[in-house]
Amino acid sequence: MSEKESFRCKLVTYDEIVEWTRDLAKKIRACDCKPTVIIGLTRGGWVPARLLCDLLGVKKLYAVKTEHWGVTANPDGKALLTQELNARIDDEEVLLVDDITDTGESMSIAKAHLQDMRPGVLKTAALLHITRSTFVPDFYSVEVPADGWTWFIFPWNRNEDLRTLLPKTLYEEKGEADIQKAFREQFQIDVPLEDIRTTLEDLEAAGTVTRAGEKWTRA
Ligand code: AMP
């Protein structure tokens, strides 16, 4: 029997994403900011950045990429900028957008990179801000206290996160209903059986789990 890992997760819905993004847009408008360019910090910032373009009437949407949290809830050491901006932003009012600031490293290195490109104004926004972050965005919708640290399973990352979390429930062999129970106990989330089945199929195809009758184990 291997180790039983446990940490708090939350399954985020698209309705919550829309609510948080609208709230962000309201805060940005209230401070008289009129971004002319929005830059999504990928991958997590892409959907919020696109929604903010729509809400704030911004046509220029660009991307930069950082890599940090290689797999769900596991940071890979220092964040790295892996895709630079390939557009001019001199004299533009730029808004850099991400889904969440957790360590704050991604926003920090992306902001430093953009600052070198001499924008007129550079502001930052995140849907969620965990107070332990060393970087505080200019705008955020939800503040998460450091002692309430949670892994947020964003709807655009749901399948990927479930593929990472499910094998952690197989510290001993289990059937589908017991995997569902383990998701509740270990990660505090209610995962529909249908999603558990799809995830098991994906993991079996990848050779990560194996089946014996009704029971599943890590390969
Ligand atoms: P950071 O630690 O602030 O550099 O976070 C980098 C990126 O990792 C974020 O933009 C998210 O996409 C992802 N991430 C970090 N922490 C969390 C978390 N608690 N829940 C969900 N995604 C996270």
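**Side-chain packing**

A: In this predicted model, K174 lies over the face of Y171, at 3.8 Å from the ring centre; a charge counts as over a ring if NZ of Lys or CZ of Arg is within 6 Å of the ring centre and within 35 degrees of the ring normal. Residues are numbered from 1 along each chain as its sequence is written. Local features need pLDDT of at least 70 and side-chain atom pairs 80 or more, while totals for chains, interfaces and linings use all residues, and side-chain values use heavy atoms, leaving out hydrogens and water.

Q: How many aromatic pairs are there?
A: There are 6 aromatic pairs, meaning rings of Phe, Tyr and Trp (its six-membered ring) with centres within 6.5 Å, where planes under 30 degrees apart count as stacked, over 60 as edge-to-face and the rest as tilted. One of them joins F7 and W149 edge-to-face, at 6.4 Å between centres and 65° between planes.

Q: And is F7 buried or exposed?
A: F7 is buried, at 15% relative accessibility (buried is under 20% relative accessible area, exposed over 50%, partly exposed in between, with a 1.4 Å probe and protein chains only).

Q: Which residues make up the aromatic cluster?
A: F7, W149, W151, F183 and F187 form one cluster, and W151 is buried as well, at 13%.

Q: Switching topic, what does L128 touch?
A: Leaving aside residues up to four places away in sequence, L128 touches W20, D99, I100, T101, V142, V144, F152 and F154, where contact means heavy atoms within 4.5 Å.
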